[in-house]
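Here is a short report on one protein model. Please keep the sequence and the 3D view open while reading.

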Amino acid sequence: MTNAAPSSPLQALARIRPDVRAMHSYVVQPSAGMLKMDAMENPFRLPAHLQAALGQRLGALALNRYPGDRVADLKAALAQYAGMPEGYGIVLGNGSDELITLLALACAQPVDKDGRGQRATMLSPMPGFVMYPLSAQLQGLDFVGVPLTPDFELDEPAMLAAIAQYRPAITYIAYPNNPTATLWDECAVQRVIDAAGAQGGIVVMDEAYQPFASRTWIDRMRAEPARNAHVLLMRTLSKFGLAGVRLGYLIGPTAFTAELDKVRPPYNVSVLNCEAALFALEHSDVFAAQAAELRTARADLIAALRRMPGIEKCWDSEANMVLVRVADSARAYEGMKNRKVLVKNVSTMHLLLANCLRLTVGSADDNAQMLAALEASL
């Protein structure tokens, strides 16, 4: 028997993909003792009587068993809540992040060892949600980001040209968009959807911020089903008010959802998450009232920002966030952090976002504290 040489951690690390080793992990800012206005969370907790009722329901669950029939109950409740068209199905995910990963995994077309074949392409307007390019990279798709206009509108000619050139397997349209909070022209979006469909591609309408928007694409899916037969609608309960529950859902024709279910990990939604989501949907009126309050607070926040000296630009919003441009976003961000208010400095995400901060819309009190910290930091 020969003695093997001692293993080296560096040797073992070499087995991890070079592109993964070159990446930075997603960092959640420490927020103890801070007003957290950086993640578009609903600031309102459940009323005390609903907290007690939910606690009783969760405490009675059979945690020793894998998730079962209640998952089907949740799908039915979500279908009713969203107004899902007939002939459509639902895929559940651990947040919408997992759904983005599953869709990329299902559509990836890797080149073989001899260089034959063509990698699939994912396309989206940019700046947009960071998980789109990240998912493409990790699942082996090429990513094409099409810049928005300088005022964050959809550049329809550029989108149509990119779709014709790259023939994307997946086109993401965030509706409204993150971090710009814009809800693009409905007719322009439909023409982009038509172009992607003509190339045989899938379009995903990402409606993570739907509770705060004035329109939803599911109305178009019902009104013109043939024209939108290649469209999938993705939502999350995070902005509904359940960020901690981590539950996303994707609605699409059953032919699509059946294929995506093949790559979904079994039991990806826990019994706790499932029951909490069902409970929230039973009390959707409570969350609808919270969303209405936040929409009112958003209007007040935007008005105050536009009056504030030092704010160079404040964009309209159809989400629970507001994008502003200041003279020096790094200084403003650090000043607010020193004053115990966390916001998001998005200026490094894209050239179009130079000196931009993204502010979460919170309660009236939260917004007042954020505004005071911002004004003192400019």
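Predicted model: local features only at pLDDT ≥ 70, side-chain atom pairs only at ≥ 80, totals over all residues.

Strand E7 covers residues 231–236, and strand E8 covers residues 248–253. The two run antiparallel and are joined by 4 bridges. Across this pair, Arg-235 stands opposite Tyr-249 in E8. Strands of a sheet pair through backbone hydrogen bonds, either parallel or antiparallel.

## Helices on the sheet

## Helix pair H7 and H8

Two packed helices are described by the angle between their axes and the distance between the axes. For helix H7 (residues 156–166) and H8, the axes come within 9 Å and cross at roughly 10°. Angles under 35 degrees count as roughly parallel, so H7 and H8 are roughly parallel to each other.

On the H7 side, the contact is made by Glu-156, Met-159, Leu-160 and Ile-163. H8 contributes Ala-188, Arg-191, Val-192, Ala-195 and Ala-196. By class, the contact of H7 with H8 has 7 nonpolar, no polar and 2 charged residues.

## Helix pair H14 and H15

Helix H14 (residues 329–338) packs with helix H15 (residues 364–377) at an angle of about 130°. Their axes are 8 Å apart. With that angle, H14 and H15 are therefore oblique to each other. The crossing of H14 past H15 is right-handed.

From H14, the contact residues are Arg-331, Ala-332, Gly-335 and Met-336. From H15, they are Met-370, Ala-373, Leu-374 and Ser-377. By class, the contact of H14 with H15 has 5 nonpolar, 2 polar and 1 charged residues.

## The E9–E10 hairpin

Strand E9 (residues 311–314) pairs with strand E10 (residues 321–326) in the antiparallel sense, over 3 bridges. A hairpin through 6 residues joins E9 to E10. Lys-313 has Arg-325 in E10 as its bridge partner.

## Two buried residues

Gly-201 lies in the loop between helix H8 (186–198) and E6. Is Gly-201 buried or exposed? Its relative accessibility is 4%, so Gly-201 counts as buried. Leaving aside neighbours within four places in sequence, Gly-201 is in contact with Pro-168, Ala-169, Ala-196 and His-230. Ala-196 is also one of the H8 residues in the contact with H7. Gly-201 and Ile-170 are 31 residues apart in sequence, yet 5.9 Å apart in space, C-alpha to C-alpha.

Gln-290 is found in helix H13 (residues 284–307). At 8% relative accessibility, Gln-290 counts as buried because the cut-off is under 20%. Which residues does Gln-290 touch, not counting those up to four places away in sequence? They are Asn-42, Phe-44 and Arg-45.

Terms used: Residues numbered from 1 in each chain as written. Heavy atoms only, no water. Pairing = 2+ DSSP bridges. Axes fitted to C-alpha atoms, helices over the stretch in contact; angles between N-to-C directions. Parallel < 35°, antiparallel > 145°, perpendicular 65-115°, else oblique. Left-handed = near helix turned anticlockwise from the far one by under 90°. Contact = heavy atoms within 4.5 Å. Nonpolar A, V, L, I, M, F, W, Y, C, P; charged D, E, K, R; others polar. Buried < 20%, exposed > 50% of the residue type's maximum accessible area, 1.4 Å probe, protein only.
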